[in-house]
Amino acid sequence: AKVYRLKYQIPHSWGTACNVQAMVFGNAGENSATGVCFTRSPTTGENVLYGEFLVNAQGEDVVSGARTPLPIANMRHLLPESYQE
């Protein structure tokens, strides 16, 4: 993170975001999914859970536009155990 900030002339006081992810098979059937999630809205910066997901898909499907992802709130009904986790 320190080298990245130096390379791109980002002040150290800003910090650097990171992502932590578990690699899974999102395309293993109707009880698996893939998606992206943020602790803040990337549009407004509001401190709310924001994300999108697709059932039975791989990460590339979410970001490539091949399929239209669902709002993370829909996971509460489609995959309640995963949503709760």
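Visitor: In this predicted model, what is the relative accessible area of Tyr8?
Guide: The model is predicted, and the values discussed here are computed from it. Buried would require under 20% and exposed over 50%. Tyr8 lies between these limits and is therefore partly exposed, with a relative accessible area of 46%.

Visitor: How many aromatic pairs does the structure hold, and how are the planes of Tyr4 and Tyr8 arranged?
Guide: The structure holds two aromatic pairs. Tyr4 and Tyr8 form one of them, with 4.8 Å centre to centre and 50 degrees between the planes. Planes under 30 degrees apart would count as stacked and over 60 as edge-to-face, so the pair of Tyr4 and Tyr8 is tilted.

Visitor: Is Tyr4 buried, partly exposed or exposed?
Guide: The relative accessibility of Tyr4 is 45%. This value falls between the 20% and 50% limits, so Tyr4 counts as partly exposed.

Visitor: What is the distance, centre to centre, in the aromatic pair of Phe38 and Tyr50?
Guide: Phe38 and Tyr50 form an aromatic pair that is tilted, with 40 degrees between the planes. Ring centres must lie within 6.5 Å to pair. The distance between the centres for Phe38 and Tyr50 is 6.0 Å.

Visitor: Which strands does the pair of Phe38 and Tyr50 tie together?
Guide: Phe38 lies in strand 1, residues 33-38, and Tyr50 lies in strand 2, residues 50-55. The pair therefore ties together parts 12 residues apart in sequence, namely strand 1 and strand 2.

Visitor: In what order do the three strands form the open sheet, and which are the edge strands?
Guide: The three strands form an open sheet in the order 1-2-3, with antiparallel pairing. Two strands pair on one side only, and these edge strands are strand 1 and strand 3 (70-71).

Visitor: How many bridges join strand 1 to strand 2, and what is the bridge partner of Ala33?
Guide: Strand 1 and strand 2 run antiparallel and are joined by six bridges. In strand 2, the partner of Ala33 is Val55.

Visitor: Which residues does Tyr50 touch, and how far apart in space are Tyr50 and Ala73?
Guide: Leaving out residues up to four places away in sequence, Tyr50 touches Val36, Cys37, Phe38, Arg40, Ser41, Pro42 and Ile72. Tyr50 and Ala73 are 23 residues apart in sequence. Their C-alpha to C-alpha distance is 8.5 Å.

Visitor: Where is Gln9, and what is its phi?
Guide: Gln9 is placed in the loop between helix 1 (2-7) and strand 1. Its relative accessibility is 74%, so Gln9 counts as exposed. Gln9 is a residue other than glycine, yet its phi is positive, near 55 degrees.

Visitor: Is Asn56 buried, partly exposed or exposed?
Guide: Asn56 is found in the loop between strand 2 and helix 2. Although Asn56 is not a glycine, it has a positive phi of about 55 degrees. Its relative accessibility is 29%, so Asn56 counts as partly exposed.

Note on methods
Residues numbered from 1 in each chain as written. Predicted model: local features only at pLDDT ≥ 70, side-chain atom pairs only at ≥ 80, totals over all residues. Heavy atoms only, no water. Buried < 20%, exposed > 50% of the residue type's maximum accessible area, 1.4 Å probe, protein only. Helix = DSSP H or I, 4+ residues; strand = E, 2+ residues; numbered from the N terminus. Pairing = 2+ DSSP bridges. Contact = heavy atoms within 4.5 Å.
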